[in-house]
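We will go from stop to stop, and at each one you will hear what to select.

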Amino acid sequence: MSTPTQDLPLQGIRVIDYSHFLAGPYVGRCLAALGAEVIKVERPGSGDAGRQHATVLDEQSSGYFLQLNMGKQGVSVNMKDPRGRAFMQKLCDSADVFIENYRPGALDKLGLGQAELRTRNPRLVYCSISAYGHTGPDAHRAGFGLIAEAKSGIMQMVGTPGEAPPLLRISLGDMYTGIHAVAAINAALLGRERSGRGQHIDMALYDTLVSMHEYAVQNYTLTGALPVQTGHDMPTSTLYGVFRAADGDLVIAAQVDDAWKRFAALVEAHGGPAGFGSDTRLHTSTGRNAAREHILAVVKPWVAARSVAELLALLDSIDVPAAKVQRIDEVLADPQIQARGMVLEQQHPRYGTLRLPNLPFRFSDCDTTVRQVAPDLGEHNAQVARGLGYDDAEIAALQAAGVLARH
């Protein structure tokens, strides 16, 4: 990693993260890594529901929460008390960005809706994330990433023919929408430099996943063909898929003509049928797709007879992209991942050494590594309040009344 010579890109930007679970907190985490001051706001008592989601460590935190909220300051505000509402509006008046991921209209009741906050603070960039967005017939409906994955058509395309589609096992809708929100927020901040005004960003998980279709939508609109489940390979990109070796699984990407010719010659030279490499019918994608079943009938047993290590060595020698299907422990031990700094270590006062996924940001002149662990509930109440002009007596009174709460 290069020696930092510049401030982080978003230094001086204040972000209010009034979100929970995944999509919104991920946006806040990214902005914190890019240098923004991110203030995580939670309800008293249980706080963000993500504190008790997935890998729960104790009543205070989970691995899920620690990963998504590192680098932030934490405050806990009772919005049912008028003093808590006044505190939050004052905080938002000082902000550049506000992030929320509640159902449309939910925050209007708390005085934190986009219209009210942007009237008070016209420079505010207000980012909303929801399942369906703030317009359209489904805007009022609740939803999670799973719902968007099902409705978007993505889930229907994966899995084994004749079986129900599998869960994707990563929160594709939340994370992809989150990083799009990061891009939109930065664009809005840049536009504010010219206009002097912020704006409302309306992000929907469903929209985002529909936008991901790099092939299925245009294939249907141009040809009328619907995608079908194909299991372990792609009929429109022969040869491209997952194959079972003698001791594990690997993926092979020999769908480009030149790569296919090298691959087919390799198969023939190492026990495959004579003429397999020189069969010119297979030298174009159209020909390979038409002969897919014949190709798979040759390739599958050829792969199954060899170890993953042997196959990778052979394929690397002819520059055909391939990789082992790795477990998470193998990913963390991968020298490439270690060299890229993609496993982030933090020292936590209660949990010791944390090893969590890093963000993929790499800048030539600054370091976006986040060292600050996720905050305890209400950990920075007093610090944030002082920055808003509250004196020690006022802070003590707010804390005593439970308006500013700590775990």
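Before we select anything, one term: two strands pair if DSSP finds at least two bridges between them. Helices (H or I, at least four residues) and strands (E, at least two) are themselves DSSP runs, numbered from the N terminus. This is a predicted model, where local features need pLDDT of at least 70, side-chain atom pairs count only at pLDDT 80 or more, and totals for chains, interfaces and linings use all residues. Residues are numbered from 1 along each chain as its sequence is written, and side-chain values use heavy atoms, with hydrogens and water left out.

**Stop 1: the hairpin**

Strand E10 (residues 343-348) and strand E11 (residues 352-357) run antiparallel here and are joined by six bridges. Three residues sit between E10 and E11, and the two strands form a hairpin. To see one of the pairings, show Gln346 and look for Leu354 of E11 opposite.

**Stop 2: the whole protein**

Now zoom out. The C-alpha trace spans about 85 × 50 × 40 Å along its principal axes. You can count 17 helices and eleven strands in the protein. Of its 407 residues, 44% count as buried, where buried means under 20% relative accessible area, exposed over 50%, and partly exposed in between (1.4 Å probe, protein chains only).

**Stop 3: the six-stranded sheet**

Which order do the strands of the open sheet of six take? Reading across, the order is E3-E2-E1-E4-E5-E6, and the pairing is parallel. Strand E3 (73-76) and strand E6 (200-204) stand at the edges with a single partner strand each, so one side of each has no neighbour in the sheet. From one strand to the next, the twist averages 20 degrees, with axes taken as lines fitted to C-alpha atoms (for helices over the stretch in contact) and angles running from 0 to 180 degrees between N-to-C directions.

Tyr126 stands opposite His200 in E6.

**Stop 4**

Is helix H1 mostly covered or mostly open? Mostly covered: eleven of its eleven residues are buried, among them Tyr26, Arg29 and Cys30. Just after H1, select Gly35, which takes a positive phi of about 110 degrees.

Now show the largest pocket, with a volume of about 1400 Å³. On a 1 Å grid over the protein atoms alone, a cavity is a set of points where a 1.4 Å probe fits but cannot get out, while a pocket is an open set with protein on both sides within 12 Å along at least five of seven lines; lining residues have an atom within 4 Å of a point. Grid points are joined across faces, edges and corners, and a volume is the space filled by probe spheres set on the points.

The lining of the largest pocket has 43 residues, and Leu22, His53, Tyr64, Ser171 and Asp174 lie nearest the centre. Elements giving two or more residues to this lining include helix H1 (23-33), helix H2 (63-68) and helix H7 (172-195). H2 gives the most, with four residues. By type, the lining divides into 26 nonpolar, eleven polar and six charged residues. Here Ala, Val, Leu, Ile, Met, Phe, Trp, Tyr, Cys and Pro count as nonpolar, Asp, Glu, Lys and Arg as charged, and the others, Gly among them, as polar.

**Stop 5: the second largest pocket**

Where does the second largest pocket lie? Domain 1 and domain 2 both give residues to its lining, so this pocket lies between them. It holds about 890 Å³ of space. Of its 26 lining residues, select Met157, Val158, Thr230, Asp233 and Met234, which lie nearest its centre. E7 gives the largest share of the lining, three residues.

**Stop 6: the three-stranded sheet**

Stay with E7. Three strands form an open sheet here, ordered E7-E8-E9 with antiparallel pairing. E7 and strand E8 (residues 249-253) pair over five bridges. Finish by showing Gly241, whose bridge partner in E8 is Ile252.

Conventions. Domain bounds come from an automatic or database domain assignment.
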